[in-house]
Amino acid sequence: MNTDVEELLREGMERYTAGVRAPAGLAHTANRLRRRRMAVRAAVACGTAAVAAAAAIVVAARAGGAPAGTSSGMVNAHTAAYVISRVDNALAGQHLVLRARTSGVGGPSISWAYGPRSRFEEFTGTEGGQALSNGTFTHHGGSERYIAVGTALIGGKPTGVYVTYYNREWSLLPKGSIPASACSRTGALAMASPPIPTSNWPAFIHATLACGAATVTGHAWINGVKTVRITGSPVTVKLPPGEAKAIRAKWIRTQWTVYVNPKTYLPVRLSGSGYTYGGAAPGAYATSVSDLQWLRPTAANIAKALVTIPAGFHQVSSPADQ
Amino acid sequence: MADDRAAGELDRFLSERADLLMRTAVLLTGSRDAAQDLLQTALERLLRHWHSLDGDPEAYLRRTLYNLAADGFRRRGRLQRKLLLLRAETQAPADATAVVDLRDALVRILLQLPPRQRAVLVLRYWEQLTEAETAAALGWPEGTVKSATARGLRRLRELAEGWHQAELDERELRGQRA
């Protein structure tokens, strides 16, 4: 009898799974989801860090000039300083609302920034359909909000928040998590992630005056426009202990490139890359490309630079991803 | 692009083994959707350790699958399994013979067992591993495997005995009607 049951169970399992086939692209999806998780961790590790790399690079270059060892083919430092000063003026004088759409590591995301307000939202992609309450995904396509980081009005006061839509939770961002400089450790960390706007661009720019260097490195065609390409010097930083443990690497080397419209001198594209290494995990690259738009500061556009915490979401002491 | 290389190597490995792994994951979770999520999670972990693996990647992947399942991966799956059972009970069996019905019923009960018992039974009777091998795969003491197997089988035997009794009763009833 015992043997019968065991044999019948085995045959039953055979029958039950007879038509089961694994979906295609499992490895690719696993790789993509792993990168997404790493990117989210990196972004959360530095609070509302991220890049505003255009500004950082711009000011860094203005302050520091071209780095030693710049190739002879690059535009000279005088030209770089001129371009960068024009970009700086364009950014400072117009009080525009920034909208950035990012592809690449971590799936699609949208960033909004206006003055001290910012909103970064990451969505699930076609390969990671609906987010489950534990932060993993189903695999049936679709796109829905995954996390948001930025400024919310709480009691009428602008407050840094982190929202995880998949488990309907939110938390306050730790104070002081915004990097003082794009060349600080947390600032450099954020460069490899999708651009989460800093809380205040002018402050960020001033804080990065003494940092690093950038160079005009040529031109690139983007959407029919011959843009000016400005590249920052690579920065290598040691990862904070929590982040190092999460991704099992000790160091990250990052670099930014920003593309500027030669007529308006406003950045139109921002790309960032990061390479983590020096730990138990194999070295890994993460990249992101963001297309930037500069919108008039209408009430509707300004409102988009705020995070809204949906009704029914529970406040927790720390983000679910940490 | 170490990750891309790892993903490429993993792709080649999966081209041969993915269907079998998916079938195992279905037995561990009770549904294809949950199985896909389980397998995906295990693959992510495998990718993370791909370059530091000493042994067979499939052995690592299976260990991860079983341990995730035994730890109650995705507790939400319980509801899905219950729905699956309800659905199965309202459907006519593909093969109308009693033996086939019993096979199906055994699998339905298997999917209702606690995750640890289910994982052990899948390892023992699907993967055909010995108790010692099962214990090694799960990283459990052999005694734990033995007791989990015994409890799981007891449930299945109870079902089978109840099934046979119902068969006998029905035959007797049919005989009386005739």
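In chain A, 53% of the 322 residues count as buried (under 20% relative accessible area, with exposed over 50% and partly exposed in between; 1.4 Å probe, protein chains only). The model is a predicted one, so local features need pLDDT of at least 70 and side-chain atom pairs count only at pLDDT 80 or more, while totals for chains, interfaces and linings use all residues. Residues are numbered from 1 along each chain as its sequence is written, chains are lettered from A, and side-chain values use heavy atoms, with hydrogens and water left out.

Chain A has 8 helices and 13 strands (DSSP runs: H or I of at least four residues for helices, E of at least two for strands, numbered from the N terminus). Chain B has 8 helices and 0 strands, and 48% of its 178 residues are buried.

On to the charged pairs. Over all chains, the structure holds 10 salt bridges (a side-chain nitrogen of Lys or Arg within 4 Å of a carboxyl oxygen of Asp or Glu). Arg157(B) and Glu6(A) form one of them, at 3.7 Å from N to O. This pair crosses between chains, running from helix H8 (residues 142-177) of chain B to helix H1 (residues 2-16) of chain A.

Within chain A, Glu121(A) pairs with Arg119(A) at 2.8 Å and with Arg145(A) at 2.9 Å. The Arg145(A) pair links strand E4 (residues 145-154) to strand E3 (residues 117-123), its partners sitting 24 residues apart. Glu121(A) is buried at 6% relative accessibility and Arg119(A) is buried at 12%, whereas Arg145(A) is partly exposed at 42%.
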